[in-house]
Amino acid sequence: MSWYQRIGLETSFLYDLPNFLICILVVFIVSSSVKLPRNYMLLLLAHCFVPFILNDVLFPTSYMPDQFKYIASVIDIRSGNSVTESSSNVANASWMLAFIPLPFVETTQSLGFFNKLIFILMFAFLYKKGGVNRFSAYFLLLYPSIVLYTGLSLRDTLVFCSMMLSAYFAIKRNFLLMTLFIAPLYFIKFQNFFLMLPLFAFALFNLTKKGLSVRKALVILVIVIIVMLMSFPIAAPLINSSRLAMYREDGGVNAEGIPLITNVGDFIYLGITSGLYFFAKPFPWEANSPLQLIQVFENLIIMFIVVKLTVQAWRKSVRDLMFWLVLFLVSLSIYGLVVFNYGTAARYRFPFIALYVVYVAYTCNITHIFNRKKKLNPSC
């Protein structure tokens, strides 16, 4: 029996037309209310079509089977039945999705429209509040991983928007709203909750105004390394267990080739190299499918943008850059230790890349990453 039959899903796109039309209507409403530029509105409208062209069109739904867990759980919740899903993360995220004000969960695409609605509202809010400029707005709207994962029936959009909004309110030093948006991460993705906790220090010490010097950033990194080294006897078995579990979860069979952390040297070396590899993979020679080849080209473009942005921010306002750079590098290193699958890496890293790009651009006031040619003076 197929998943469609097991949870009673329909297959016709007609069942999702109400969800789609509501998303379209919301785009027009928020565009009018916050005065979105026409290009932004057109791109958001294009986002609304994305769920139609993913599952069973660009790839089989079975390529990302976790979607069925969320769909089944949301259907149970809305039907008043008990949630049978054993994973607390999936169950908690499903409860959040179930209360999104869209009417139908009938197909594998349905929750994709739920997620697109969340993304549309988040983008409109950030634009209204000045959290995005021209450069970062186009980045959010055109970043392929954002376009993809906000159109699937997964929890990633909840995670992504919680991170983006908690960071915004940290910058504004609104502790109540920052806590409100960080809290969901505890229930749906604890590792991201843990990684976002430094935002409280950012807000408490008013780093938006004062910034973080290179010296203090290095001191923080040293403290992090010392804490990690002191916790090595406890952390190493947990990380090894997570590495093996993630490898098997991503379809790996023979785990004998997975290097385990056996000493402090392995801990430091793998932490650094795995973080960089997590950011860059898959390399061109590692692509084994058209989708992975697309990821290769996406990675090359994103790495170019991140490097250009970082160089420009370093030259312009290094103190405003350092907090976001340290947070970004630490996040890459931690995830790099446990993630092996290329698709999983793309799925887990895009919120951190988007967070870094948007808020470095915001705090360092970077509106473009290419030097504009100066107009020639006619009098010369």
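I first looked up Leu197, which is found in the loop between helix 11 and helix 12 (198-204); helices are DSSP runs of H or I with at least four residues, numbered from the N terminus. I note that this is a predicted model, in which local features need pLDDT of at least 70, side-chain atom pairs count only at pLDDT 80 or more, and totals for chains, interfaces and linings use all residues. Residues are numbered from 1 along each chain as its sequence is written, and side-chain values use heavy atoms, with hydrogens and water left out.

I read a relative accessible area of 33% for Leu197, so Leu197 is partly exposed (between 20% for buried, which lies under it, and 50% for exposed, which lies over it; 1.4 Å probe, protein chains only).

I then listed the nonpolar surface patch of about 560 Å² that Leu197 makes with Tyr186, Phe187, Phe190, Phe194 and Ile334. Patch residues have over 30% relative accessible area and no salt bridge, and nonpolar side chains are joined within 5 Å; a salt bridge is a side-chain nitrogen of Lys or Arg within 4 Å of a carboxyl oxygen of Asp or Glu. Helix 10 (175-188) and helix 11 (190-196) each give two or more residues to the patch.

I next examined helix 5 (residues 88-98) and helix 10, whose axes come within 8 Å and cross at roughly 140°. The axes are lines fitted to C-alpha atoms over the stretch in contact, with angles from 0 to 180 degrees between N-to-C directions. Ser88, Asn89, Asn92, Ala93 and Met96 of helix 5 make the contact with Pro184, Phe187 and Ile188 of helix 10 (heavy atoms within 4.5 Å).

Note on methods
Patches are made of residues with over 30% relative accessible area and no salt bridge: like charges are joined within 9 Å, nonpolar side chains (Val, Leu, Ile, Met, Phe, Trp, Tyr) within 5 Å. Accessible areas come from the Shrake-Rupley method with a 1.4 Å probe; for residues, only the protein chains shown count as cover.
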